[in-house]
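My notes follow the contacts one by one.

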Amino acid sequence: MLMAMGAIVAGLILLVWSADKFVEGAAATAKHLGMPTLLIGMVIIGFGTSAPELAVSAMAAADGNPGLALGNGYGSNITNIALIVGLTAVIAPIAVHSQVIRKELPLLLVLTLIAGAQLIDGQLTRLDGWVLLAVFAGVMGWSIYQGFQGKEDPLGGDTDAEMIAHPMPLKSAVIWVVVGLILLVVSSRLLVWGAVTIAQTLGVSDLVIGLTIVAIGTSLPELASALAAVKKNEHDLILGNILGSGIFNTLAVVGLAAVIEPLKVDPEVLYRDWTLMLALTLGLLLMGYYGITGKRKLITRGEGSVLMLVYVTYTGYLLSTVVAASGM
């Protein structure tokens with residue numbers, strides 16, 4: 001048990017560090033190759049912060065623990081919106097300006113509905129996984145097309161400022177991409193082993209472990225990115241990362257896991273976890289796009305507090321099931 005907990009801690013630390021270096025290297029490489037700054041912000045940084053979720057879920061599915069993969073994907077979305085957006089809004093209200101984000105919010109809602117439709121029959125088949133990956137490929141194509149349009153957008157400006165502040169030579173960028181990718185695999189192996197061992201020891205499902213410990217751990221890059229961005233008043237970069245990560249988790253993370261190992265889905269995933277994920281996505285749409293009055297585009301401190309309360313309540317409930325199952 002202690003060894004498993006040590007593996008989780010070491011795996012999370014290495015996972016977060018390697019993911020950060022991987023994203024930095026990938027963004028710098030893309031910049032050297034002439035990719036538009038807006039596209040780097042949307043695809044490389046926004047989706048790249050979900051590299052830990054993808055690595056962990058792929059490893060979990062390959063090891064025959066698809067429940068951990070599903071819990072990680074859905075749990076990360078819940079954590080990103082309820083905890084990370086909530087916390088950053090409490091620190092400083094989040095203003096929404098980016099046209100890209102306004103388009104991605106409704107898109108994430110639609111993708112969440114598609115994910116829910118796949119859960120109704122109580123399973124995620126390989127066909128379901130391929131459908132999610134095909135939709136992801138379409139979203140990526142749309143994002144690339146939008147990025148090459150070259151239109152002015154606050155998200156592009158925020159990303160450009162970050163790239164100028166932290167330049168990286170091409171050789172160093174490529175090295176960090178390779179090293180970061182290797183360490184992502186190693187750290188994911190450690191984390192998955194530790195999580196599965198703890199789940200088996202406590203007698204709880206790997207789904208619950210994925211929704212809690214693993215989801216929080218793999219969301220740390222988004223949290224670090226959000227806290228750094230809020231200090232610099234780069235609000236669109238905060239939501240850009242969260243929405244990009246949400247799209248990536250819903251489609252690529254869960255889709256790849258289902259292709260590797262189809263899984264049976266317990267009913268509570270649909271009525272508890274997916275329903276909350278849908279409600280949070282809809283709430284974020286209303287807060288960030290329309291606003292309560294319909295006249296402002298802002299996520300306030302009060303709304304951030306509500307999001308954090310929802311997260312604490314949900315996580316507390318999941319942990320209570322762990323205590324009940326272990327007989328503590």
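I started with the residues where helix 9 meets helix 10: Ile-216, Gly-217 and Thr-218 in helix 9 meet Leu-220, Pro-221 and Glu-222 in helix 10. I took contact as heavy atoms within 4.5 Å. By class I have three nonpolar, two polar and one charged residues there. For the classes, Ala, Val, Leu, Ile, Met, Phe, Trp, Tyr, Cys and Pro are nonpolar, Asp, Glu, Lys and Arg are charged, and the others, Gly among them, are polar.

This is a predicted model, where local features need pLDDT of at least 70, side-chain atom pairs count only at pLDDT 80 or more, and totals for chains, interfaces and linings use all residues. Residues are numbered from 1 along each chain as its sequence is written, and side-chain values use heavy atoms, with hydrogens and water left out.

I checked confidence next. pLDDT is the predictor's confidence in each residue, from 0 to 100. The protein averages 79, and 79% of the residues score at least 70. Elements are DSSP runs numbered from the N terminus: helices are H or I with at least four residues, strands E with at least two.

Back to helix 9 and helix 10 (residues 220-231): their axes come within 4 Å and cross at roughly 45°. That makes helix 9 oblique to helix 10. Oblique is what remains after roughly parallel (under 35 degrees), roughly antiparallel (over 145) and roughly perpendicular (65 to 115). Axes are lines fitted to C-alpha atoms, for helices over the stretch in contact, with angles from 0 to 180 degrees between N-to-C directions.

I turned to helix 8 (residues 170-202). How far apart are its end C-alpha atoms? I found 47 Å, which agrees with the 48 Å that 33 residues should span at 1.5 Å a residue. The expected span is 1.5 Å times one less than the number of residues. Just after helix 8, Gly-203 takes a positive phi of about 75°.

Helix 8 packs on helix 9 (residues 206-218) at about 140°, axes 10 Å apart. That makes helix 8 oblique to helix 9. Leu-191, Ala-195, Ile-198 and Ala-199 in helix 8 meet Asp-206, Ile-209, Val-214 and Thr-218 in helix 9. I sorted these residues into six nonpolar, one polar and one charged.

Last, I looked at helix 3 (residues 51-62) against helix 8: the axes come within 9 Å and cross at roughly 60°. The two helices are therefore oblique to each other. Their contact has 10 nonpolar, one polar and one charged residues.
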